[in-house]
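Colleague: I'm new to this one. Can you put it on the screen and talk me through it?

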Amino acid sequence: MRAINYAAPTMVEDAVRILRENGAGARIFAGGTDLIVQVRENTRDVDVMVDAKGIEELTRVEIGADGSVTLGAAVPCYQIAGDDAIVAAFPGLIDAAGIIGGTAIQGRASLGGNLCNSSPAADGIPALIVHGATANIAGPDGRRSVAVADFCTGPGTNVLAAGEMLVSLTIPALVPNSGAHYLRFTPRNEMDIAVVGAGAQVVLDGDTIVSARIALGAVAPTPMYAAAADEALAGQPATEESYEAAAAAAQNAATPITDMRGTADFRNHLVAVLTKRALRGAVERAKGGAVNGR
Amino acid sequence: MVAELVTGKTLVSTTINGEPVEFMCEPRESLLEVLRDTLRLTGSKEGCNNGNCGACSVILDGRLVNSCCVLGIEIAGSEVTTIEGLATADGLHSVQEAFLEGAALQCGICTPGFIVATKALLDKNPNPTETEIRYWLAGNLCRCTGYDKIVRAVQQAASGTGT
């Protein structure tokens, strides 16, 4: 690995100062499962690695009085997937947080890191988008928040400006009679990178879909919020016919490419299949049922 | 921890296999490099060096990690268990015994990682199902065995552990 400098600040303000003083070559890391490899393989230009795990605010899990949860950006996935309160409140988020890498990756990788790495195929990002999650950012000019749906700007790039860092993710409480589900297609079930990922959240009134959110992974330059699919579902009955219409809208919105993991045609097919499955799972949970045992 | 930049070789104090250890390392050195090249603990293997194969698996503060995806400088004050920490003066660890008994290896490069990962699993879940074993070990790749003998050995170790 190229020579780097290292810092382990304990305060957000110090981390921001280090980022500002060292320019674009300084980068925050939590688990290092993406960044250490990228620096070693020279796919990211980094000369200062700033370890976030010593900053208490980035390692905290806070459950708000309103039922929202704020996850520190460096909280590892195993901790999220092993937290009974989070599993009970946000099973659709756990669908994603529990499958980012195998056991040894889960021990270090964080949802915040998954977001900041900004891979189009990130599992965590579509799940965060359908939950309406917010990214809480600190920088030289203070704090700001951005919807996760608006966070990524391209493969590996995002809205973080010079000197800025992700502090935490806030996931609002699910309203009554709502549910969410995320799933992906991979050739190898136990550990792999998504060929396509799909997340859904629905709010029901009886058997009518009041509102829905669909997000897709690995079919565009960024994980994408498929607003057109939401429009196809609002006010419609929770039936296969409605899911078909949403799947068609999602296919229309997706712009997949052909690469080593799959062809554009296959991905287009998967968008429809997975959108429908995500919707069925979300509706099941909205009705009080379980998917994947939660 | 300090907010200043660490710019060169630094003294790191840690605990490895129950023993206090101090070493010098550059910020760019991975824990795997420190273990193998500095501390001569060469049981942990370098396979892919990018977090895919699990040959470098170690237990860091109770969590299974890929030591190629950890910086050596990060482990100050931590506790690390490597494959060298499993056997005692009285003999091999029960997981090592089970892998030997079941011939759960051929070339052996992946074996230290599998054994460390299995110890981490059984510490957390003494009676895993076959599905739990296969998911837990999904980050450890073996290109020889086809995994079946490994899974049987883990089941053997689990049934023999009893603690």
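Predicted model: local features only at pLDDT ≥ 70, side-chain atom pairs only at ≥ 80, totals over all residues.

Modeller: Residues are numbered from 1 along each chain as its sequence is written, while chains are lettered from A and ligands numbered from 1 in the order in which they are written.

Colleague: Okay, chain A then. How many helices and strands does the secondary structure of chain A come to?

Modeller: Chain A has 11 helices and 14 strands. Those are DSSP runs, numbered from the N terminus: helices are H or I with at least four residues, strands are E with at least two.

Colleague: And what does chain A span along its principal axes?

Modeller: The C-alpha trace of chain A spans about 55 × 45 × 35 Å. For 294 residues a compact globule would have a radius of gyration near 19 Å, and chain A agrees with its 19 Å. That radius is taken over C-alpha atoms, and the globule rule is 2.2 Å times the number of residues to the power 0.38.

Colleague: How much of chain A counts as buried?

Modeller: 56% of the 294 residues of chain A. Buried means 20 or more other C-beta atoms within 10 Å of the residue's own, exposed means 12 or fewer, and partly exposed is in between, with C-beta atoms placed from the backbone.

Colleague: Show me something local. Which way do the residues of strand E2 of chain A point?

Modeller: In E2(A), residues 26–29, Ala26(A) and Ile28(A) point one way and Arg27(A) and Phe29(A) the other way, and all are buried. E2(A) runs parallel to strand E3 (residues 48–51) of chain A, joined by 4 bridges; strands pair if DSSP finds at least two bridges between them. In that pairing Phe29(A) stands opposite Asp51(A) in E3(A).

Colleague: What do E2(A) and E3(A) make with helix H2 of chain A?

Modeller: A right-handed β-α-β unit, with H2 at residues 35–40. Right-handed here means that, with the strands pointing away from the viewer, the path from the first strand over the helix to the second runs clockwise.

Colleague: What does the domain assignment of chain A give?

Modeller: Domain 1 is 5–119 + 134–171 and domain 2 is 178–286, with bounds from an automatic or database domain assignment. The C-alpha centres of domain 1 and domain 2 of chain A lie 25 Å apart. Their contact takes 12 residues from domain 1 of chain A and 14 residues from domain 2 of chain A; two residues are in contact if their C-beta atoms, placed from the backbone, lie within 7 Å.

Colleague: What gives the most to the domain 1 side in chain A?

Modeller: H5(A) does, with 4 residues.

Colleague: Switching to chain B. What pattern does chain B follow along the sequence?

Modeller: Chain B reads β-β-α-β-β-β-α-α-α-α, which comes to 5 helices and 5 strands. Its radius of gyration is 16 Å, close to the 15 Å that the globule rule gives for 163 residues, so chain B is as compact as a globular protein of that length. Buried residues make up 47% of chain B.

Colleague: Which residues are buried in helix H1 of chain B?

Modeller: Leu31(B), Leu32(B), Glu33(B), Val34(B) and Leu35(B), in a helix of residues 31–38. Strand E2 (19–25) of chain B is included in what covers the buried residues of H1(B). Just after H1(B), Arg40(B) takes a positive phi of about 60°.

Colleague: And where are the domains of chain B?

Modeller: Domain 1 of chain B is 10–84 and domain 2 is 94–161. The contact between them takes 14 residues from domain 1 of chain B and 11 residues from domain 2 of chain B. Strand E3 (residues 57–60) of chain B gives the most to the domain 1 side, with 3 residues.
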